[in-house]
Amino acid sequence: MKFTEEHEWLREEDGLMVVGITTHAAEQLGDVVFVELPDDGITVSKDEEVVVIESVKAASDILAPVDGEIVEVNTALTDNPGMVNEDPQGEAWFFKMSVSDASQMDEFMDEAGYKKFIA
Amino acid sequence: MSEFAQTPLHDMHVELGAKMVPFAGYAMPVQYPMGVLKEHLHTRAAAGLFDVSHMGQVILSGPSWEAVALAFEALVPMDVLGLEDGRQRYGLFTNDAGGIEDDLMFARRGDDLFVVVNAACKAEDVARMRAGLPDEISVTELTDRALIALQGPRAAAVIEDQDVRAAEMRFMDVADLALCGHAVWASRSGYTGEDGFEISVAADEAETLVRSLLTHHGVAPIGLGARDSLRLEAGLCLYGHDIDAMTGPVEAGLTWSVQKIRRAGGARAGGFPGADVVLDAFANGVARKRVGLRPEGRAPMREGVQLFDAKECGAQIGTVTSGGFGPTVEGPVAMGYVTTEHAEVGTRIWGEVRGKRLAVDVAALPFVPANFKR
């Protein structure tokens with residue numbers, strides 16, 4: 001698993017990158033009450049806002065971590081946003097994307113690096 | 001957060017794992033480890049204990065109850081003189097333009113008036129009272145007292161267990177009680193829409209009292225985050241958001257708080273700041289009104305969201321002043337001001353969220369029925 005400075009995690013699965021937010025980010029957000037997912041099939045650029053999350057406190061965005069295409073979105077989150085707090089690094093993934101430029105993955109942290117980053 | 005004032009319960013909040021945030025110049029607990037959502041639901045299901053010691057507590061004394069009450073009536077459009085001993089009312093300080101300078105609770109304690117005002121306004125409120133009341137009325141800010149609230153369906157059992165006299169109290173009664181060995185001033189009121197009590201206690205006894213109350217079954221500490229969603233679901237105004245110096249009692253839908261005796265034709269009509277404007281609003285209506293708002297989808301509509309009369313183009317007809325997710329409603333809820341022609345319950349309007357206009361309906365307040373002991 002790789003981690004971004006935006007508190008996202010990326011996990012490779014069947015040639016796609018599965019993206020979610022970290023346990024630390026979910027704790028900071030507080031109870032998530034609304035998730036707005038992108039349409040699948042859209043092409044996105046790195047740092048483009050693709051998901052809106054609203055917690056009891058505030059709204060925040062999830063950015064596309066790399067250039068690519070959104071292949072699948074986790075529609076279960078729309079009906080049950082609380083999953084983001086219950087299992088942020090497991091069931092509550094947001095989207096799966098194909099990666100156009102694998103070299104963009106190089107800057108991401110490993111778990112040890114991320115732990116240091118949030119310490 | 002050393003630059004912020006602390007309540008007498010500050011260290012206890014930290015020990016209980018609260019997340020402290022600045023609020024009205026104080027470091028206050030916004031949530032405990034339970035989290036805002038569960039704290040909200042806990043309060044509606046059992047009992048929530050809130051530290052509201054940041055609020056201002058003021059005693060007005062004078063030569064007689066009549067002198068105190070009539071003097072205070074010069075500052076608020078409420079019937080103060082008619083308040084019976086041991087009763088409390090909701091009130092508003094108005095300004096010369098008929099706007100609201102603060103909202104408050106006032107209670108009669110014998111010949112004295114006990115006033116509780118918002119933390120952010122308390123310095124101005126105390127100055128307003130000192131300047132606006134005759135010399136024979138003393139204005140004493142009680143800086144040596146804490147204020148806590150115990151709210152929710154379990155609150156009465158907890159308080160009655162300590163002092164049976166609490167069982168006789170109904171909504172908006174005040175009484176001196178002995179709780180866990182501490183002499184307190186209690187009112188059967190609060191700001192959550194639930195039955196409950198607000199309890200004024202000596203600052204140096206507050207922590208012992210609160211720790212005792214927290215040992216009772218069903219009592220949990222609740223932060224400002226849940227306090228906000230509870231009062232929003234209850235349709236109650238937050239000063240500085242839903243009401244302010246530019247909104248009057250009629251626009252704000254607070255006409256019930258202005259008793260008939262202070263309105264046109266009443267025995268003590270007018271005689272408060274901005275009376276001409278406020279009484280004109282009663283007589284001739286207002287251009288906009290505070291309403292409840294229920295977004296159709298799941299997206300919360302927060303403070304500042306602009307409201308329109310059409311999905312595309314159209315005109316802006318209002319603004320959201322408070323909004324978020326209502327845990328008991330299990331969906332987004334909001335309040336805001338709209339032009340009077342759009343203020344009828346059931347009117348479909350649109351709120352602009354992240355550039356998209358989402359459907360929202362004008363809804364009756366409160367969103368959750370009040371659970372007061374009448």
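## Contacts of M246(B)

Contact here means heavy atoms within 4.5 Å. In this predicted model, M246(B) is in contact with E251(B) and R288(B), once its neighbours within four places in sequence are left aside.

M246(B) belongs to the loop between α7 and α8 (275–284) of chain B, and it counts as exposed because its relative accessibility is 67%, where the cut-off for exposed is over 50%. The C-alpha atoms of M246(B) and N95(B) are separated by 9.3 Å, although the two residues are 151 residues apart along the chain.

## Packing of α2(B) and α7(B)

Helix α2 (residues 36–45) of chain B packs with helix α7 (residues 224–233) of chain B at an angle of about 55°, and their axes are 8 Å apart. This angle makes α2(B) oblique to α7(B), and the crossing in which α2(B) passes α7(B) is right-handed.

On the side of α2(B), the contact is made by V36(B), E39(B), H40(B), T43(B) and R44(B), while α7(B) contributes G225(B), A226(B), S229(B), L230(B) and E233(B). By class, the residues of the contact of α2(B) with α7(B) comprise three nonpolar, four polar and three charged.

## The hairpin of β1(B) and β2(B)

Strand β1 (residues 19–23) of chain B runs antiparallel to β2(B), and five bridges join the two strands; K19(B), for instance, has Q31(B) as its bridge partner in β2(B). The hairpin has two residues between the strands, and in this hairpin A24(B) takes a positive phi near 50°.

Strand β2 (residues 26–31) of chain B is mostly covered, with six of its six residues buried.

Terms used. Residues numbered from 1 in each chain as written. Chains lettered and ligands numbered in written order. Predicted model: local features only at pLDDT ≥ 70, side-chain atom pairs only at ≥ 80, totals over all residues. Heavy atoms only, no water. Axes fitted to C-alpha atoms, helices over the stretch in contact; angles between N-to-C directions. Helix = DSSP H or I, 4+ residues; strand = E, 2+ residues; numbered from the N terminus. Parallel < 35°, antiparallel > 145°, perpendicular 65-115°, else oblique. Left-handed = near helix turned anticlockwise from the far one by under 90°. Nonpolar A, V, L, I, M, F, W, Y, C, P; charged D, E, K, R; others polar. Buried < 20%, exposed > 50% of the residue type's maximum accessible area, 1.4 Å probe, protein only. Pairing = 2+ DSSP bridges.
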